[in-house]
Amino acid sequence: MRQLIAGNWKMHCLAAEAVALAQGIAAGASGIGAELLVCPTALHVAAVAQALQGSNVAVGGQDCHQAKQGAHTGDIGGPMLRDAGASWVILGHSERRQNHGETDELVREKTLAAVEAGLTPIVCVGETADQRAGGQETETVGWQLAGSLPKPFTGVVAYEPVWAIGTGKTATEQDVATMHAFIREELVRQFGDAGQIIRILYGGSVKAANAASLMAVPNVGGALVGGASLNAEEFLAIARAARAG
Ligand code: PGA
């Protein structure tokens, strides 16, 4: 299956920088067969969507509220993201789980709201360094999958070991193979045959230099890229390393 390369721009870029980055990516993206997505801060979704019009790069948000609308100061609803030009949304990123106390249950509610708004969710799971040191990595991810994914689930899962995010430490191909095989098994257990075709992204210090080997691991359906997605050439090099079909 075609791999998905998604850039998570996190809380980076002023408006002009976000537009320039989007234009740089769009300019080099036309011959690339992998599916491409960039997720700027919500404030810049509309401008980035406009900059990407006519290109093969989609736009997504980094979070959305579990309600459509209402008295939720500072929050953003799925329909607003959709209205601004987003077609995807990242949910349950470990930085949201850690910094905003997001639980599996909340992530599941947000996932339902995103799908209802017409957004494709990318639901993130992953263990901390302590959980891995304690041999609890699969158990942790298993609970996160069971709690965070609604039934049916029509989105993408991203496995992002917390200790590999922004640290320059990448999980070994063996670690990724083991965890992605486990996630596949869990998805099939939860969703039957539909679980066979859910894409499972790897995230955590993906860069041009390690993309080809990570993208070749069985059950890896693409990458969720943080730091390296802030440079158009680096992001495009990762995208070129991904499978087009
Ligand atoms: P990183 O971030 O590529 O900078 O490690 C990945 C992510 O948090 O999605």
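A polar contact is taken here as a pair of N or O atoms within 3.5 Å, where a pair within protein must also have one atom able to donate a hydrogen and the other able to accept it, and residues adjacent in sequence count only if both atoms are side-chain atoms. An oxygen atom of the ligand is 2.8 Å from a polar backbone atom of Gly 226. The model is predicted, so that local features need pLDDT of at least 70 and side-chain atom pairs count only at pLDDT 80 or more, whereas totals for chains, interfaces and linings use all residues. Residues are numbered from 1 along each chain as its sequence is written, and side-chain values use heavy atoms, with hydrogens and water left out.

**Ligand surroundings**

- The ligand is surrounded by 13 residues, and the closest are Lys 10, His 93, Glu 160, Gly 166 and Ser 205; a residue is near the ligand if one of its heavy atoms lies within 4 Å of it.
- Of the 280 Å² of accessible area that the ligand has on its own, the protein covers 95%, by the Shrake-Rupley method with a 1.4 Å probe.

**Overall fold**

- The radius of gyration, taken over C-alpha atoms, is 17 Å, which agrees with the value near 18 Å that a compact globule of 245 residues would have; the globule rule is 2.2 Å times the number of residues to the power 0.38.
- The C-alpha atoms fill a box of roughly 45 × 45 × 35 Å along the principal axes.
- The protein has ten helices and eight strands, which are DSSP runs numbered from the N terminus (helices H or I, at least four residues; strands E, at least two).

**Backbone geometry**

- Lys 10, in the loop between β1 (4–8) and α1 (15–29), has a positive phi of about 50 degrees although it is not a glycine.
- Lys 151 and Pro 152 are joined by a cis peptide bond with omega about -5 degrees, and Pro 152 lies in the loop between α7 (137–148) and β6 (156–159).
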